[in-house]
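Work through the following exercises with the sequence and the model at hand. Each task is followed by a solution in steps.

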Amino acid sequence: MANSKTLPEISDIDRTEIAARLIMFRRTANKSISDMVEATSISRSGILKMESDESNPTIASIAAYVTACGKTIGEFFAPWKRDNRKTG
């Protein structure tokens, strides 16, 4: 079981940040929208909504997306781990 002190609350993460990170992962993996649709079974409109912050993607959708990019869900959420956040 994961340590709850280091996991982000999904509601604490801005959808714009999620969308930007998804796009970065896809571009880094040199994948097209069509590639992502084929690899994830998420519809084209679903991918576009995830990337334009028009949806609140599930962990399962994010996991499928980042896996298709050759990354892990842990790598995706790494910037939001509480240990990585500055506290003031």
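**Exercise 1.** Determine whether asparagine 30 is buried or exposed, and state where asparagine 30 lies.

*Solution.* Relative accessible area is the criterion: buried means under 20%, exposed over 50%, and partly exposed in between, with a 1.4 Å probe and protein chains only. Asparagine 30 has 70% relative accessibility and therefore counts as exposed. Its place is the loop between H1 and H2. Helices are DSSP runs of H or I with at least four residues, strands are E runs of at least two, and both are numbered from the N terminus.

The model is predicted, so local features need pLDDT of at least 70 and side-chain atom pairs count only at pLDDT 80 or more, while totals for chains, interfaces and linings use all residues. Residues are numbered from 1 along each chain as its sequence is written, and side-chain values use heavy atoms, with hydrogens and water left out.

**Exercise 2.** Describe the phi values of asparagine 30 and aspartate 53.

*Solution.* Asparagine 30 has a positive phi, near 55°. Aspartate 53, which is not a glycine, also has a positive phi, of about 55°. Next, locate aspartate 53: this residue is in the loop between H3 and H4. With a relative accessible area of 26%, aspartate 53 is partly exposed.

**Exercise 3.** State how many helices and strands the chain holds, and what share of its residues is buried.

*Solution.* The chain has five helices and zero strands, which gives the pattern α-α-α-α-α along the sequence. Of its 88 residues, 32% are buried. For contacts (heavy atoms within 4.5 Å), consider those with a separation of 6 or more: residues 24 or more positions apart account for 63% of them.

**Exercise 4.** Characterise the packing of H1 against H4.

*Solution.* Axes are lines fitted to C-alpha atoms, for helices over the stretch in contact, and angles run from 0 to 180 degrees between N-to-C directions. The axes of H1 and H4 are 9 Å apart, at an angle of about 25°. Angles under 35 degrees count as roughly parallel, over 145 as roughly antiparallel, 65 to 115 as roughly perpendicular and the rest as oblique. H1 and H4 are therefore roughly parallel to each other.

The crossing of H1 and H4 is left-handed, a term used if the near helix is turned anticlockwise from the far one by less than a right angle, with right-handed for clockwise. From H1, Ile18, Leu22, Ile23, Phe25 and Arg26 meet Ile62, Tyr65 and Val66 of H4. By class, these are seven nonpolar, no polar and one charged. Here Ala, Val, Leu, Ile, Met, Phe, Trp, Tyr, Cys and Pro count as nonpolar, Asp, Glu, Lys and Arg as charged, and the others, Gly among them, as polar.

**Exercise 5.** Describe the contacts that H4 makes with H3 and with H2.

*Solution.* Take H3 (residues 44-51) and H4 (residues 59-68) to begin with: their axes come within 12 Å and cross at roughly 95°. The two helices are therefore roughly perpendicular to each other. Ile47, Met50 and Glu51 of H3 and Ser61, Ile62 and Tyr65 of H4 make the contact. This set divides into four nonpolar, one polar and one charged residue.

Turn now to H2 (residues 33-40), which packs with H4 at an angle of about 115°, with axes 9 Å apart. The crossing of H2 and H4 is right-handed. Met36, Ala39 and Thr40 in H2 meet Ala64, Tyr65 and Ala68 in H4. Five of these residues are nonpolar, one is polar and none is charged.

**Exercise 6.** Identify which side chains meet in a salt bridge, and state what the pair ties together.

*Solution.* A salt bridge is a side-chain nitrogen of Lys or Arg within 4 Å of a carboxyl oxygen of Asp or Glu. The structure holds one: the side chains of glutamate 51 and arginine 26 meet at 2.6 Å, N to O. Glutamate 51 lies in helix H3 and arginine 26 in helix H1 (residues 15-28), so the pair ties together parts that are 25 residues apart in sequence. Both residues are buried.
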